[in-house]
Amino acid sequence: MAAGAALAAVALAGGTARGEVYSLDSCRALALDHNKQLMISAERVKKASYQKKEAFAAYLPAFDFQGAYFYNQKGLSILSEDQHLPVQNFNLQTQKYEFSVVKNPITGEPIKGPGGQYVPEQTALLPKEALEYDIHNVFFGAVTLTQPIFMGGKIVAMNRLTGYAEEIARKQQLSEAQNVVYAVDAAYWTVVSLHAKHELATSYVNLLDSLTRNVRLMLDQGVATRSDLLSVEVKLNEANVDLLKVENGLALSRMALAQVCGLPVDSQMEVADEGPRGIDASEAVPSSYDMESVYANRPDLEALRLAGNAAEQQARVARADMMPQLALMGMYSFSNPNLFDGFRKRFDGAFSVGVMLKIPIWHWGGNYNKYRAAKTDRTIRELQLQDAKEMVDLQVSQAAFKTQEALKTYAATRSNLSKAEENLRTAQVGFKEGVVTTDDVMAAQTAWLKAHSEEIDAEVEVQLCKVYLSKALGTLDVQIPEN
């Protein structure tokens with residue numbers, strides 16, 4: 001096969017269409033829809049949103065109901081036995097009520113009882129049964145209202161804290177989505193690379209097969225040796241083994257792509273980018289960037305910055321435990337039996353309103369140390385952010401350098417490829433004219449194969465470096481599916 005025909009086969013062959021054809025964008029969309037880690041991130045966003053609503057509810061009055069039932073073994077008795085209560089009579093002379101006591105008819109002196117107390121002349125009987133109450137079955141209930149007035153700034157801080165937590169969850173979700181996209185691109189371009197190499201290996205086998213037939217004819221004509229034929233056949237067998245390895249690698253890479261996209265691993269995925277994409281090797285890659293813009297675009301750095309703000313609010317929550325707390329209380333309580341109008345076995349209740357004030361006095365430094373620990377956590381977050389920024393500086397510089405090198409390597413492989421094609425064409429012409437040996441032709445074919453393989457690797461490396469650079473700069477476009 002001529003070199004031009006072989007190159008055309010590499011560029012245009014699409015393989016056997018056994019499955020649906022997927023573009024890079026469709027693979028990204030599938031992965032973003034089915035990735036389990038991204039689903040977990042989405043649930044964390046929901047959780048943070050619910051916690052934010054929970055924190056806002058603390059501004060509003062809380063209504064609660066409490067009810068209870070008790071069974072008591074014994075009833076309630078105020079008196080242990082019947083009681084005799086002394087009574088007073090009105091004295092016209094003194095114009096006062098006075099107790100009348102029993103007097104000695106002879107001496108006229110008041111008589112004292114055994115206990116040393118005067119014996120009343122008149123008493124009122126208070127039966128024991130009159131003050132016995134049935135409390136075997138007691139029902140109680142209360143509806144309470146609590147309205148925070150001042151909680152030391154805790155409610156405000158908690159609302160800000162949960163707001164930051166929701167934003168952190170969203171930034172982490174975006175960062176996870178970018179990781180998923182990068183993983184999809186790596187798997188996708190691996191399939192593209194192995195697909196191109198499969199076509200290249202097939203073309204190489206065809207070249208060697210054609211050379212084998214030509215050498216057999218030359219052997220029959222006596223212009224070639226048996227050793228020449230064996231050398232070509234050995235090379236052909238090696239090419240067939242390499243072709244089998246590429247086929248197996250291609251099948252495994254399709255499985256890996258299907259797994260990343262959330263599809264069954266046995267899905268027959270065909271990629272759309274099976275031919276050369278015509279990369280512009282002269283594309284300029286900036287060597288320096290506005291790092292402040294990069295910091296603002298990076299979701300992971302933004303998450304760290306928000307985590308620092310959240311730690312500051314957490315410190316305010318801890319500080320609120322050292323401050324007075326004031327709340328308005330309202331309650332309607334009822335019970336059966338009730339004591340509002342005597343002792344009656346029926347439900348009755350009443351309203352009550354008040355204010356509750358709590359002032360922390362002394363907790364042996366517990367609350368203060370809690371506050372100091374929260375402030376230390378804030379310092380830790382700041383240091384983590386500074387360290388992450390330094391790592392991003394290095395990451396961006398390395399990504400830009402690798403992209404520049406990948407473009408240079410791709411340009412070099414393109415130049416080498418054109419030379420290898422011309423070398424193969426010259427060797428084939430010389431072999432037909434009998435001035436080039438079989439070994440020279442096989443060497444030219446091997447160089448042609450290597451040049452094509454390096455060109456494929458360089459093209460894929462350029463694509464991956466561009467994606468990685470975009471991810472490092474925080475400009476990788478990711479469309480997160482709506483929950």
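Gly222 follows helix α4 and has a positive phi, near 80°. This is a predicted model: local features need pLDDT of at least 70, side-chain atom pairs count only at pLDDT 80 or more, and totals for chains, interfaces and linings use all residues. Residues are numbered from 1 along each chain as its sequence is written, and side-chain values use heavy atoms, without hydrogens and water.

**Helix α4**
- Helices are DSSP runs of H or I with at least four residues, strands are runs of E with at least two, and both are numbered from the N terminus.
- Helix α4 covers residues 154-221, 68 residues in total, and should span 100 Å at 1.5 Å a residue. The expected span is 1.5 Å times one less than the number of residues.
- The end C-alpha atoms of α4 lie 99 Å apart, which agrees.

**Nonpolar cores**
- A nonpolar core is a set of buried Ala, Val, Leu, Ile, Met, Phe, Trp, Tyr and Cys residues joined through side-chain atoms within 4.5 Å. Buried means under 20% relative accessible area (1.4 Å probe, protein chains only).
- The largest core has 29 residues; Cys27, Tyr188, Leu257 and Met269 touch the most other members.
- Helices α2 (24-34), α4, α5 (226-260) and α9 (438-473) each supply at least two residues of this core. The largest share, nine residues, comes from α4.
- Beyond its neighbours within four places in sequence, Leu257 has contacts (heavy atoms within 4.5 Å) that include Cys27, Val184, Tyr188 and Met269.
- A second, separate core has 25 residues, among them Ala201, Leu208, Met218 and Ala239.

**Glu270**
- Glu270 sits in strand β10 (residues 270-271).
- Glu270 is buried, at 3% relative accessible area.

Methods: Buried < 20%, exposed > 50% of the residue type's maximum accessible area, 1.4 Å probe, protein only.
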